[in-house]
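Visitor: I have a model on my screen and would like a guided tour. Could you take me through it?

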Amino acid sequence: TGAIVTSRIDVALTSADALITGYVARRHRNTALLAGNTILRDIACDYAFYLLWRSDAPEWVVERKKHALKQLEQ
């Protein structure tokens, strides 16, 4: 319908947050210190944006998600 469903956005952002926390917690004991980090915010947005697609995401969206995950691994 073109309407924004905030609950879907919340779920996608929560999932992105959990993914990032999982990666970051391996190296940092206090992940709260990284709150507001610009790089992590961008990674979360790219990953959440990918999750919001109902069907096959366009290639550029898939590539941004892959790049975000590579940044987390580094």
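Guide: Gladly! Contact here means heavy atoms within 4.5 Å. This is a predicted model, where local features need pLDDT of at least 70, side-chain atom pairs count only at pLDDT 80 or more, and totals for chains, interfaces and linings use all residues. Residues are numbered from 1 along each chain as its sequence is written, and side-chain values use heavy atoms, leaving out hydrogens and water.

Visitor: Which residues does K65 touch, not counting those up to four places away in sequence?

Guide: K65 sits in helix α3, residues 59-73 (helices are DSSP runs of H or I, at least four residues, numbered from the N terminus). Setting aside residues up to four places away in sequence, K65 touches Y47 and Y50.

Visitor: How far from K65 is the nearest side chain of opposite charge?

Guide: K65 is buried (under 20% relative accessible area, with a 1.4 Å probe and protein chains only). K65 has no salt bridge, meaning a side-chain nitrogen of Lys or Arg within 4 Å of a carboxyl oxygen of Asp or Glu. Lys and Arg count as positive, Asp and Glu as negative, while His and the chain ends are not counted. The nearest side chain of opposite charge belongs to E63, and its distance is 9.2 Å.

Visitor: Which residues of α2 meet α3?

Guide: Helix α2 covers residues 38-51. On the α3 side, the partners include W60, K65 and L72. From α2 come I39, L40, I43, D46, Y47, F49 and Y50.

Visitor: What pattern does the protein chain follow along the sequence?

Guide: The secondary structure comes to three helices and zero strands. Read along the sequence, the pattern is α-α-α.

Methods
Helices (H or I, at least four residues) and strands (E, at least two) are DSSP runs, numbered from the N terminus. Buried means under 20% relative accessible area, exposed over 50%, partly exposed in between (1.4 Å probe, protein chains only). Axes are lines fitted to C-alpha atoms, for helices over the stretch in contact, and angles run from 0 to 180 degrees between N-to-C directions.
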